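Have a look at the model first.

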Amino acid sequence: MYLVLWVGLRCLQVCLLFFILVLVVLPLVFRYSVTLQRGILFLTFITYPKGLDLTNPAGIGLYATRNFYITVKDNESDEDGVRIGVWHVLPRNAVRRFKRELKVEEAFDQDIVTDERRDDDYEQELRRLAPAIKSEFPSIVPENQQLFFERLLRMPGGTVVIYLHGNTATRGSGHRSEVYKLLRNLNYHVLSFDYRGYADSDPVSPTEEGVVRDAMMVYEYIANVTSNPVIIWGHSLGTGVATHMCARLAHLKERAPRGVILESPFTNIRDEIRLHPFSRIFKHLPWFDFAISRPMYSNRLRFESDIHVHEFPQPIMIIHAEDDVVVPFHLGYQLYRIALDSRSRAWGPVEFHRFDRSKRYGHKYLCRAPELPGLVQHFVDNYRNAVY
């Protein structure tokens, strides 16, 4: 009997200790640690696939892709700045024209794609200018790679997509490279990058302000190279970056993108944290807002897309899978309803496309939906030349 009582007491003590540590101490530590809040939000310590050489995009099947770096100045007195890693993926019709100069004939010919779109403005410009460009660039080598890629980026008729990824991993993660290939096959230039603190970008602790500044600098780079239309594509946390960036561009009255695609978006970080799977054991605690939600808001980790969507006039397309457990479907639909109700009728329209849970696309794999390329192409074609 004594032994049973002793074991029961020890079990009670362990349970009580677990309760105090996990449900009381950990939330309080989280409340007062900005570093922990940023770490949990951005998850820069999660990297996959392991051993990926980001300087060699061809290693994951992204042939004819340039890796380079941009320096982001956080303020005018910032002498060194933050270096971020960027990929520029050429559109398929451009690669077809210059596959010999790029030395990618074998990779291109093995990459079989059906239903290619060829007869557009960019294709006509390629047909007209290719002989002169081939004469100027008989072979693409590291010394002239930047000039060649920017020459094609500057060519009239093209479309540029800036891809803003979510938290964890890198610009080379598998589901992201699938999106780049989808966009490449639609004959769009794709620019993707890693925010500060991620991958081979400088190991600076990310903040909302910092990652938005990184996105702004990539956009500025493109705007300085070409006058072709730009589409912003954000996924997950990247949707918060996308809406914040577009709102800031509108406030600054800078040249704006022509459209915004939001994949698996949320309304704001407070709503997302409460519904995230990691918060399951905490969200019903009476001190959840006090210890977790409000501190992040106070430390400017907000990503308030529900506010930013009515601060810029560009058309928006929202896509979301019903079986998304990371960012619940109803948050994306709620953002859509907020945009419909709050934006001016003179602004660009807002579209919403749901993907049935039976397809099992989840949080990452909407890029595998057979109807997605058509939806994206229709959205881009409708608004690439529209100015709001």
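At what angle do helix α3 and helix α6 pack, and how far apart are their axes? The angle is about 165 degrees, and the axes of α3 (residues 92-102) and α6 (residues 145-154) are 13 Å apart.

## About the model

This is a predicted model, where local features need pLDDT of at least 70, side-chain atom pairs count only at pLDDT 80 or more, and totals for chains, interfaces and linings use all residues. Residues are numbered from 1 along each chain as its sequence is written, and side-chain values use heavy atoms, leaving out hydrogens and water.

## Two helices side by side

α3 and α6 are therefore roughly antiparallel to each other (angles over 145 degrees count as that). Who touches whom? On the α3 side you'll find A94, F98 and L102, and they meet F148, F149 and L152 in α6 (contact means heavy atoms within 4.5 Å). Sort these contact residues and you get 6 nonpolar, no polar and no charged.

## Aromatic pairs

Searching the whole structure turns up 16 aromatic pairs (ring centres of Phe, Tyr or the six-membered ring of Trp within 6.5 Å; planes under 30 degrees apart are stacked, over 60 edge-to-face, the rest tilted). One of them is W87 with Y180, an edge-to-face pair at 6.4 Å centre to centre, with 80 degrees between the planes. W87 sits in strand β2 (residues 82-89) and Y180 in helix α7 (residues 174-185), 93 residues apart in the chain.

W87 counts as buried at 1% relative accessibility (buried means under 20% relative accessible area, with a 1.4 Å probe and protein chains only), and Y180 is buried at 0%. Elsewhere, ring pairs link F98, F137, F148 and F149 into a cluster.

Technical notes:
Axes are lines fitted to C-alpha atoms, for helices over the stretch in contact, and angles run from 0 to 180 degrees between N-to-C directions. Helices (H or I, at least four residues) and strands (E, at least two) are DSSP runs, numbered from the N terminus. Angles under 35 degrees count as roughly parallel, over 145 as roughly antiparallel, 65 to 115 as roughly perpendicular and the rest as oblique. Ala, Val, Leu, Ile, Met, Phe, Trp, Tyr, Cys and Pro count as nonpolar, Asp, Glu, Lys and Arg as charged, and the others, Gly among them, as polar. Buried means under 20% relative accessible area, exposed over 50%, partly exposed in between (1.4 Å probe, protein chains only).
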